[in-house]
Amino acid sequence: MAAPVMADNDRRFQQVPMLPKYQQECAACHVAYPPGMLPAASWQRLLNNLPHHYGTDASLDPATVKQLAAWLASYAGTYTRGNDSPPEDRITRSAWFIRQHDEVSAATWKLPAVKSAANCIACHTQSDKGDFNERHIRIPR
């Protein structure tokens, strides 16, 4: 089994066993975001719309979708203010993400090495391992 990822469920971070199929399918294009970064409803909508996944066809076979849906629902984020899904189910538009990144300048997001807030690995050097600890942050220049 791949390395555990961190999931946020409003109490504290917990170790979540990485589902190899999730790592294989999702990390082929971007960081395999920890399931606690979105509520279950957001994950379900994303899985139901894979042919139009933010402008890309990320379709998967039904068995894989079912497996991912069960795992994501098990470890999805729960939030004290309800299961508020961010606009467009984008992690980068969630209230907690905006709060955590409020010191990041607009210019930083536009750096060639960063390109967008969704490119976690640009600054969170261990995010591909599910580790978003601040001690591993390196802002590109």
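**How do the residues of the lining of the second largest pocket divide into nonpolar, polar and charged?**

## The second largest pocket

In this predicted model, the lining of the second largest pocket divides into 20 nonpolar, five polar and three charged residues. The lining consists of 28 residues, and the pocket holds about 670 Å³ of space.

Which residues lie nearest the centre of the pocket? They are Cys26, His30, Tyr33, His53 and Tyr54.

Helix α2 covers residues 40-48 and helix α3 covers residues 62-75. Their axes come within 9 Å and cross at roughly 165 degrees. Angles over 145 degrees count as roughly antiparallel, and α2 and α3 are therefore roughly antiparallel to each other. The crossing in which α2 passes α3 is right-handed.

On the α2 side, the residues in contact are Ala40, Trp43, Gln44 and Leu47. Their partners in α3 are Val65, Leu68, Ala69, Leu72 and Ala73. Sorted by class, this contact has eight nonpolar residues, one polar residue and no charged residues.

## The surroundings of Ile98

Ile98 belongs to helix α4, which spans residues 95-100. When residues up to four places away in sequence are not counted, Ile98 touches Thr92 and Arg93.

How far apart are the C-alpha atoms of Ile98 and Ala117? They are separated by 9.9 Å, while the two residues stand 19 residues apart along the chain.

Key: Residues are numbered from 1 along each chain as its sequence is written. This is a predicted model: local features need pLDDT of at least 70, side-chain atom pairs count only at pLDDT 80 or more; totals for chains, interfaces and linings use all residues. Side-chain values use heavy atoms; hydrogens and water are left out. Axes are lines fitted to C-alpha atoms, for helices over the stretch in contact, and angles run from 0 to 180 degrees between N-to-C directions. Helices (H or I, at least four residues) and strands (E, at least two) are DSSP runs, numbered from the N terminus. Angles under 35 degrees count as roughly parallel, over 145 as roughly antiparallel, 65 to 115 as roughly perpendicular and the rest as oblique. A crossing is left-handed if the near helix is turned anticlockwise from the far one by less than a right angle, and right-handed if clockwise. Contact means heavy atoms within 4.5 Å. Ala, Val, Leu, Ile, Met, Phe, Trp, Tyr, Cys and Pro count as nonpolar, Asp, Glu, Lys and Arg as charged, and the others, Gly among them, as polar. On a 1 Å grid over the protein atoms alone, a cavity is a set of points where a 1.4 Å probe fits but cannot get out, and a pocket is an open set with protein on both sides within 12 Å along at least five of seven lines; lining residues have an atom within 4 Å of a point. Grid points are joined across faces, edges and corners, and a volume is the space filled by probe spheres set on the points.
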